[in-house]
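Subject: Structure handover

Hello,

My notes on it follow below.

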Amino acid sequence: MAQIFSPGANTLFRTILVLTPFLLVGALFGLYRFNYSPWQTQVGVPRDQPVPFSHQHHVAGLGIDCRYCHTSVEKSAFAGMPSSATCMTCHSQIWTQAPILATVRESLATDLPIRWTRVHQVADYVYFDHSVHIQKGVGCVSCHGRVDQMPITWKANTLQMGWCLECHKHPERALRPRSEVFNLNWKPTGDQNVEGSTLAKQAGIKSIQEIIDCTACHR
Amino acid sequence: MSSPKLVEDKVVESSNSSHVLVSPDETLESASAKISSIVLERKHPPFWWVSFAIAFALLMGLLYGITILFAIGVGIWGIDIPVAWGFAIVNFVWWIGIGHAGTFISAILLLLLQKWRNSINRLAEAMTLFAVACAGLFPLLHLGRPWTFFWILPYPNTMGLWPQFRSPLVWDVFAVCTYFTVSLIFWYIGLIPDLATMRDRARTRLSKVGFGIISLGWRGSAIHWKHFQTVYLILAGLSTPLVLSVHSVVSTDFAVANIPGWHTTIFPPFFVAGAIYSGFAMVLNIMIPLRYVYRLESVITERHLNCMAGVMFATGLMVGYGYIMETFTGWYSGDIYEQYLVINRAIGPYGWTYWLLLLVNIVIPQALWFRRIRSNPVSLFCVALSVNVGMWLERFVIIIVSLHRDFLTSSWGIYAPTGWDWLILFGSVGLFVSLVFLFVRFLPMIPMSEIKEIVAEREEEAA
């Protein structure tokens, strides 16, 4: 009876046998890393907007406070997006004919809001509230990064649950005095962990268990 | 196997034809030829095509049901509060129970040197794998968001979370996955010598190469056999505790909860007995028709049927004891909720399911006291069918009746399955039967090597 396989078949088979676990583990590891890559998280990827609004120019260049546009950030869950009228407080006076602002003028004329591309989006089942974070002393920069250095806005952090929990487990690492929340340049004067712990007590953060409980964010 | 021959075998084989493990007409050559030709040569009988077509149609029904389920959600089922565990969990426990016979036959009976396991272990193991596959489907389908099923596994994830290790539902995942993996390896290792026989008898290039690859270069040398038997025994040792642990873990899904009728310590052994009971019933339901259609009476003899009927009957009596104890404990607990459950089971809105359960699961199998019933394939098939229905009903009674009326009368409710529930139940039967028929078509369903071993031992003795 003729042989079915050539003598090399054994070597081939053994090679496959040895490689399979590595390939399998490698593939799983690749999938795992993919979750943290910009393809998946959009971190550091500038998003196209209907109007190329530059935070760098408006915040760092002109010194406009975050709350001038994001008006409800201290009082409500949603930070608020400025209406076109807000833009027009200045742009009815300067750059009135700039082609780059045509969309804003059109929006004001037609009374239809500009459809910005959302950069920071958490899942619907997450009850994120801006106001409580502001009141307890979490700076804008902790989540949004140096917005004052972004010509076009991008995500500075993944907004993944594991990332949320890192901070909820160690709030002292991120807390700052209430007055410095909107200061993107603020640096702790002493040891952040020591100061942060004091601030956490002052702000009335009761226990870690309470803020890492499922129902803190999922209701 | 090199296991010592049982004294009983010697005595009875010569005295009574109904005790023979392999018909005296079979030789080494005829056994191989008969079994391998089912896969390699013989045209498949109309029985195969018709049964496969029906099973495949049901399987398509299952896929349709799952598609709609994924698109719309679990609301298409009859589940609601208070009965949030409906058919999906009933079916899960039923299938996983059915998946217990294979490993019992392969592992425990091997260690107990029961030679009658040899002709039937392959089919029983295959059936186990398919039943566990069906079982595995249901907990996933029953998740509200089935596409996130892998969250139950402990893996590094972006949420920074572990599964809840204190929950029996997580233990389930480990128990079922371990069981499936070990059963698969056990089944495959056992197949290797037969796959080599198939390779050697194959006619076409495709089947030669295919069987050649999966037989891993088996040549049947003495050293091969030595390694084979060592591995096989080790695997038997590994799987033996699994036969007992898997359904024990499944039973803790219920026993850990404080629902009346669930919170009892008898559950693990009670569930294991029920699992082996339904497992053997399903083996009989599959094996009896196949034995008839493929003329396998010479290797699956009356003795095999009789032995399987015996195990089924013994475990059935244990299950009966379980029912008595459930009722007794309910009364003896002194707890009004447990006591009410016992009454509600018998005369509540689902009372008829309880009485039907006692009829098909306890009363009808009493026929097995009679040798004539045990040795007649048709009557045995009917009893086994009744047991399979009974074991499904048992899970229905445990789950639905306990849930629909618990502590607060204000939260009582009624559960009624919808058409989708039934479609998915029968669809899963279609999946199971389709897999069994594909297995019969493409792999040797009887272990040729083990049959030949018995024939060889007999020839040696005669010489």
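The largest nonpolar core has 130 residues. B:Met127 and B:Val283 have the most contacts inside it. Helix H10 of chain B, residues 267-293, gives the most to this core, with 17 residues. There is also a second, separate core of six residues. Among them are A:Cys66, A:Val73, A:Ile134 and A:Val141. Please keep in mind that this is a predicted model.

Setting aside residues up to four places away in sequence, B:Met127 touches B:Gly102, B:Met282, B:Val283, B:Ile286 and B:Val436. As general background, nonpolar side chains in soluble globular proteins tend to be buried together.

Chain B overall

The secondary structure of chain B comes to 17 helices and zero strands. The C-alpha trace spans about 75 × 55 × 40 Å along its principal axes. Of the 463 residues in chain B, 43% count as buried. Take the contacts in chain B with a separation of 6 or more: residues 24 or more positions apart account for 82% of them.

Helix H5 of chain B

H5(B) covers residues 101-111. Nine of its eleven residues are buried, so the helix is largely enclosed by the rest of the structure. The buried residues are B:Ala101, B:Gly102, B:Thr103, B:Phe104, B:Ile105, B:Ser106, B:Ala107, B:Leu109 and B:Leu110. They pack against four helices of chain B: H6 (121-142), H7 (168-201), H9 (222-255) and H10. B:Gly102 also turns up among the residues that B:Met127 touches. Just after H5(B), B:Leu113 takes a positive phi of about 60°.

Two buried loop residues

B:Arg117 lies in the loop between H5 and H6 of chain B. Is B:Arg117 buried or exposed? It counts as buried, because it has 23 C-beta neighbours inside 10 Å and the cut-off for burial is 20 or more. Leaving aside neighbours within four places in sequence, B:Arg117 is in contact with B:Ile105, B:Leu109 and B:Leu110. B:Arg117 and B:Gly73 are 44 residues apart in sequence and 44 Å apart in space, C-alpha to C-alpha.

B:Met445 sits in the loop between helix H16 (419-442) and helix H17 (448-462) of chain B. It counts as buried, with 25 C-beta neighbours inside 10 Å. Not counting residues up to four places away in sequence, B:Met445 touches B:Arg122, B:Leu123, B:Leu290, B:Phe439 and B:Val440.

Backbone points to check

For reference, most residues other than glycine have a negative phi, and most peptide bonds are trans. A few places here depart from that.

- A cis peptide bond joins B:Ile81 and B:Pro82, with omega about 10°. B:Pro82 is found in the loop between helix H3 (46-72) and helix H4 (87-98) of chain B.
- B:Arg295 is not a glycine, yet has a positive phi of about 55°. B:Arg295 lies in the loop between H10 and helix H11 (302-332) of chain B. It is exposed, with 10 other C-beta atoms within 10 Å.
- A:Asp111 has a phi near 65°, again a positive value in a residue other than glycine. A:Asp111 lies in the loop between helix H6 (102-110) and helix H7 (130-136) of chain A. It counts as exposed, with 9 C-beta neighbours inside 10 Å.

Chain A is divided into domain 1 (9-41), domain 2 (55-81 + 120-217) and domain 3 (83-115). Taken over C-alpha atoms, the centres of domain 1 and domain 2 of chain A are 38 Å apart.

How many residues does each chain bring to the contact? Chain A gives nine residues and chain B gives eight residues. On the side of chain A that touches chain B, helix H1 (8-34) and helix H9 (161-169) each supply at least two residues. H9(A) gives the most to that side, with three residues. By class, the side has five nonpolar, four polar and no charged residues.

Best wishes

Notes: Residues are numbered from 1 along each chain as its sequence is written. Chains are lettered from A and ligands numbered from 1 in the order in which they are written. This is a predicted model: local features need pLDDT of at least 70, side-chain atom pairs count only at pLDDT 80 or more; totals for chains, interfaces and linings use all residues. Two residues are in contact if their C-beta atoms, placed from the backbone, lie within 7 Å. Ala, Val, Leu, Ile, Met, Phe, Trp, Tyr, Cys and Pro count as nonpolar, Asp, Glu, Lys and Arg as charged, and the others, Gly among them, as polar. Domain bounds come from an automatic or database domain assignment. A residue is buried if 20 or more other C-beta atoms lie within 10 Å of its own, exposed if 12 or fewer, and partly exposed in between; C-beta atoms are placed from the backbone. A nonpolar core is a set of buried Ala, Val, Leu, Ile, Met, Phe, Trp, Tyr and Cys residues joined through C-beta atoms within 7 Å.
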